[in-house]
Amino acid sequence: MSQFAINLLFVGASFALYIGIAIWSRAGSTKDFYVAGGGVHPVTNGMATAADWMSAASFISMAGLLASGGYANSTFLMGWTGGYVILAMLLAPYLRKFGKFTVPDFIGDRFYSSTARLVAVICLVVASVTYVIGQMTGAGVAFSRFLEVSNTLGIWIAALIVFLYAVFGGMKGITYTQVAQYVVLIIAYTIPAVFISLQLTNNPIPMFGMFSTHAESGVPLLQKLDDVVNALGFRDYTADVDNKLNMTLFTLSLMVGTAGLPHVIIRFFTVPRVADARWSAGWALVFIALLYVTAPAVGSMARLNLMTTVYPDMAGQVENYDEAATNPIRYEERPDWIRTWEETGLIEFEDMNDDGRIQFYNDGNEDFADTEEERGWEGSELNVNNDILVLANPEIANLPGWVIGLIAAGGIAAALSTAAGLLLAISSAISHDLIRNMINPNISEKGEMLAARISMAGSILVATYLGLNPPGFAAQTVALAFGIAGASLFPALMMGIFSKRVNNKGAVAGMLAGLLATLLYIFTYLGWFFIPETNMLPNTPEHWMLGISPLSFGAVGAVINFTVAFLVANVTEEPPQEIQDLVESVRSPKGAGAATGH
Amino acid sequence: MADDKTNADAYWKANIRLITGCLIVWALVSYGFAILLRPLLSGIPVGGTDLGFWFAQQGSILTFIGIIFFYAWKMNRLDKKFGLGE
């Protein structure tokens, strides 16, 4: 069977599964559509949350980020998991107790203000739309690489599949497909990782293999990796970072952003009880961690594999790294997987010094310039896109064709499950918060159901269009989506629960201040509305205020939000008694009942 | 009514105390051991590197899981103790 046929079989089988679930789980009421009927088991919800959360970026890009950045990119690992601790203790149980369908529902009711509701809807839509574009383009890449269809067709196929289960099944269809997608993606991620770990360290568990001995050289794997990259002018893989303030704030921004992202929060509205929301957050993190503790192993091992492929003399016990570095492989003798990926343009080779060999090193390192000249090197000749490391892993490790088919299905599952969750958050904000709560409060249950389905279909079309024509902000998911969620939504939700004193004026002022400060800081360095060349300062560390990168500013935005909200609330009137009673009631788990729209 | 209120206040205070404790551990393993205190822990070797690196890439995530389950378990007991369970 050809590789193409195997890939088609795996992806086709996973699609058949998703469509089967879509037919089985049609939504019969708005409660089914928004919160899957409210009776999802906490472990099931944990698994669905993990798939909802782990996007194309987690599946495809994160190991590559770790491989290239080493220790410095640990921020993503800690940020994207630590957010669940805050979610479990500070938001999920109380919002579940509040018992309505959407995030703006809580902000609008708790701050008795349609302005607050509207600001929340806008933040939700901007953050989620930014996020969903990446999922559509990610699915397009996976389709075009594995199924030999054009990117455009790939995006349309992805949209059609999501349409089938999200429009008919709503949250109910999404929940059960996400469970299936989680299983597909975790198997796809783990199997190649186990084999690579076995090959490099004889340890079948990647998270342990990473910290054990590299079999071929007898040196600890991470020390081996440090030695190898060091000889080529790169920073040590495990090197500490100098700018600790920025690393801390970046991690914090990712954490509060994670906790404030509406598509994650609404998953906790589907469990029956408040206690289940807490357990469910724990289970979600267990399922997420299965991938997240494997990712650093995949990253470090893939980096070592890549380096020793180019410099075979560095693989075993090395007496002299300088000497080993002078003997890279001939371009003619490169392995098949490099040839395969060259066709996609994601690996590029240019023989700068015409010696027929591949020199791959850090040509931007000034301290390395002398060595460079000594060795007769005239620039790094290999360009490797970070995103291919996970996708190319089975080929690098010489694994059978079915593993490649599995990776294809896994990458697509990761993109689709996150896309569906985001689309539900967007469409419920439109049909429930905008249409039912603000425009037409007298809409019937049936009317709202129809509105929800139409909003979902419309959101899918918009996401597809933006996936096909990605705007400038599409690449800024981390800055924009996490910045907005962290600086605007998270503080408002938290104050709504933990303070009885913050009133409508304080909340609106705080949300707007956090949002505007964050956007202003991002636009200063990345361009107004991300239009290239309109940035007022160059986006380099020496121009950042106190060394804080625009990606790390969400945490500062959150502090501004809290401060402004408390100041404004303290000089204006107290919230009315019924609001203070509402706060009392969300704090107590008693009598939660299922989520309702009323 | 007054008793209900006192009871609810005591429950909430206990919850805040628990959250504070959990957040201290949460911050210590991530911002502490993995980032700011990494140089202090550089003398403790772990598999070819140091303890701070291990916390940054594995230890913090494992601790986070422990914190959430500990919190959920403690809160279940608090819910029962204050009669606020479902």
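Predicted model: local features only at pLDDT ≥ 70, side-chain atom pairs only at ≥ 80, totals over all residues.
## Interface of chains A and B

In this model, 56 residues of chain A are in contact with 45 residues of chain B. The two chains bury about 4,300 Å² between them, and carbon and sulfur atoms carry 70% of that area. On the side of chain B, B:W12, B:I68 and B:E86 supply 16% of the area buried against chain A, more than any other three residues.

Polar pairing is also found here: 13 residue pairs are in polar contact across the interface, counting pairs with both residues at pLDDT 80 or more. Of the elements, α2(B) gives the most, with 19 residues. By class, the residues on this side of chain B are 29 nonpolar, 11 polar and five charged.

## Salt bridges

Side chains of opposite charge can pair when their charged atoms come close. Over all chains, the search finds 17 salt bridges in the structure. The count between chain B and chain A is three. A:R278 forms a salt bridge with B:D79, and the closest N and O atoms of this pair are 3.1 Å apart.

Within chain A, A:R117 forms a salt bridge with A:D105, where the closest N and O atoms are 3.3 Å apart. This pair links distant parts of the chain, with A:R117 in helix α7 and A:D105 in helix α6 (residues 103-110), 12 residues apart.

## Packing of α7 and α20 in chain A

Helix α7 (residues 114-146) of chain A packs with helix α20 (residues 445-468) of chain A at an angle of about 65°. The axes of the two helices are 8 Å apart, and α7(A) passes α20(A) in a right-handed crossing.

From α7(A), the residues that make the contact are A:V129, A:V132, A:I133, A:M136 and A:T137. From α20(A), they are A:A463, A:T464, A:L466 and A:G467. Six residues of this contact are nonpolar and three are polar, and none is charged.

Notes. Residues numbered from 1 in each chain as written. Chains lettered and ligands numbered in written order. Heavy atoms only, no water. Axes fitted to C-alpha atoms, helices over the stretch in contact; angles between N-to-C directions. Helix = DSSP H or I, 4+ residues; strand = E, 2+ residues; numbered from the N terminus. Left-handed = near helix turned anticlockwise from the far one by under 90°. Contact = heavy atoms within 4.5 Å. Nonpolar A, V, L, I, M, F, W, Y, C, P; charged D, E, K, R; others polar. Buried area = accessible area lost by both parts, 1.4 Å probe. Salt bridge = Lys/Arg side-chain N within 4 Å of Asp/Glu carboxyl O. Polar contact = N/O pair within 3.5 Å; in protein donor to acceptor, adjacent residues only side chain to side chain.
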